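Here is a quick tour for anyone opening this model for the first time. Have a look at it, then read on.

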Amino acid sequence: MKQTFLRRLYFTAVALFLAAPLIVVAGVSVNEKQDLAFPPKGFSLAWYAQIFADPEWRKALIASLSLAVTAAALAVAIALPLAWFLWRRIAPWANVFQILGLAPFILPPVITALGMLTFWATTGFYGQPWTAVISHAIFFITLPLVTLSLGFASIDRSLVEAAATMGADDRTVLKTVVLPLIRPYLVSGYAFAFVLSLNEYIVAYMTIGFTLETLPIKIFNALRYGYTPTMASVSVFFVAVAALVFGLIARFGDIRKLLGAMSSES
Amino acid sequence: MKREAPKSIADYSPLFFPGLMLIVFFVIPFSTMIAVSFFQRDPSGFYTPDFVFSNYARFLTPFFGKVLGFSLMLAVMVAICCVVIAFPFTFLLTKRPRKVQTIWLVCLLSVLSLSEVIIGFAWSTLFSRTAGITNLFVAIGVMKEPVALLPSFWAVLTGMVYQALPYTILVLYPALVRLDPTLLEAARTLGASPVRAFVNVVVPALRNTIVATLIMVFVFALGSYLLPQILGRPSHWTLSVLITDQAIYQSNMPFAAAMAVFLVLMSLALVGLTLLVGRRENAL
């Protein structure tokens, strides 16, 4: 009894710590006037409408969404053949590419950002919107690479062998057996990369920060000049998008397995 | 289909696109950065090609020493706080029903994916005078009037623990979920209380995991580039903040690159150490 109570207390404390700043932000986002007050004075959803109505915020929203959609797609396009090759072939030296794919995520982000900045400045493309797409794709390739490697590892090789014995060539096996089996992992890899790209600040800032504003860049720039409630409503919007995407992954996939639990049984 | 060694060039074809992308857009930018760290600063533009060590020589100044010392100290504190909070939490979480675990994991991922900008903004609101937590303390009568809790060292530390805590839990999760439940059962059968079984059996069994996690969180905390800037004073700036500042606002790319190279070497050495610790665990 006492132990259950202590455990509940502990869980509640962690939950409160994680939720507190978000609750306050949600609170200030519904203030009627433009002040930073909690508990909110009055109630208004005007600051949420502002994200879509104000041309500056809308522009940032569109920039962020287009960046995240394309960068995540490119990251998956790079990770899929690589993960497939590593699963299909015995080529120890090819693991170099796996390490290269994991490195940007493990190293402090400012390093990738600075590498990209020097690279685009040297090649003369600095500030072009597409440079951020490539930079984000490389920065987040780790996520689809990890989920896809997990997906390939979960495939029962005898299935593939059966298909091959019955005369299917590599391409047919890939299309009819392998791809359907790894589709959930493909989708979650894309989703992870999408959400993180949407939230990413430093790489985007160092590649296109002076020509185009994504939402995180816009929030930071606004933060430096003082407070507007739209910052709060955009933040709530971000939390909602992340919770929605990860909730969907959990609903249609096995998030515990994706995060390293051995099997779905427990 | 068995795994086979590639026989012809065509067998290698899936590697072409990923290999090309990673080399052109990761290896080359990385090398460019290393090259730039030896360049001469050009006050009018970015930099001029050269081969000088003056950017690295600046590491010997007391200013850099102070920033480095502070960054390391802060990252160590963040790592210790996170592991102390996260380890028992993750252990208890793995004992909960699957549905409870799933909900927690979704929430943790949502917080983990949040932009550092948003985390910084959220905590600066929570620590502010007008909308902050001190208003609550005033309401319940603990404090006389609301105060601003930032900029301060504790604000930076809290923000960074907040940022790294979901990461810590998710790093610990696989190891704890796979922990052999019979270990704990044996201890309980032999009469150990749950707390005692946890401290005397689970913690020692996962000693190497704990060390590896401490290092991973340490490296993660070293990468925090905005929170010290938003929640702290300039004296609370870390190496990552300084690199951004030098590259963007002081336009001293060569010095920024030299510091970045230093940060890479330090992080790589630490990640290497984690792998070594992990290997020893597998050998046991």
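## Two helices crossing in chain A

Helix 3 of chain A passes helix 9 of chain A in a right-handed crossing. A crossing is called right-handed if the near helix is turned clockwise from the far one by less than a right angle, and left-handed if anticlockwise. Helices here are DSSP runs of H or I with at least four residues, strands are runs of E with at least two, and both are numbered from the N terminus.

Helix 3 covers residues 55-88 and helix 9 covers residues 170-199; their axes come within 8 Å and cross at roughly 140°. Those axes are lines fitted to C-alpha atoms over the stretch in contact, with angles running from 0 to 180 degrees between N-to-C directions. The two helices are therefore oblique to each other, as angles under 35 degrees count as roughly parallel, over 145 as roughly antiparallel, 65 to 115 as roughly perpendicular and the rest as oblique.

Who meets whom? On the helix 3 side, the residues include A:Ala68, A:Ala72 and A:Ala75, while A:Gly189, A:Tyr190 and A:Phe194 are among those from helix 9. Contact means that two C-beta atoms, placed from the backbone, lie within 7 Å. This contact has 13 nonpolar residues, three polar and no charged. Ala, Val, Leu, Ile, Met, Phe, Trp, Tyr, Cys and Pro count as nonpolar, Asp, Glu, Lys and Arg as charged, and the others, Gly among them, as polar.

## Some ground rules

This is a predicted model, where local features need pLDDT of at least 70 and side-chain atom pairs count only at pLDDT 80 or more, while totals for chains, interfaces and linings use all residues. Residues are numbered from 1 along each chain as its sequence is written, and chains are lettered from A and ligands numbered from 1 in the order in which they are written.

## Helix 3 meets helix 7

Helix 3 of chain A also packs with helix 7 (residues 142-153), at an angle of about 35° and with the axes 9 Å apart. A:Trp84 and A:Trp87 of helix 3 take part, as do A:Pro144 and A:Phe152 of helix 7, among others.

## Where the chains touch

Now for the two chains: 75 residues of chain A are in contact with 71 residues of chain B. Chain A's side of that divides into 58 nonpolar, 10 polar and seven charged residues.

## A look at chain B

Chain B has 13 helices and two strands. Its C-alpha trace spans about 75 × 70 × 30 Å along its principal axes.
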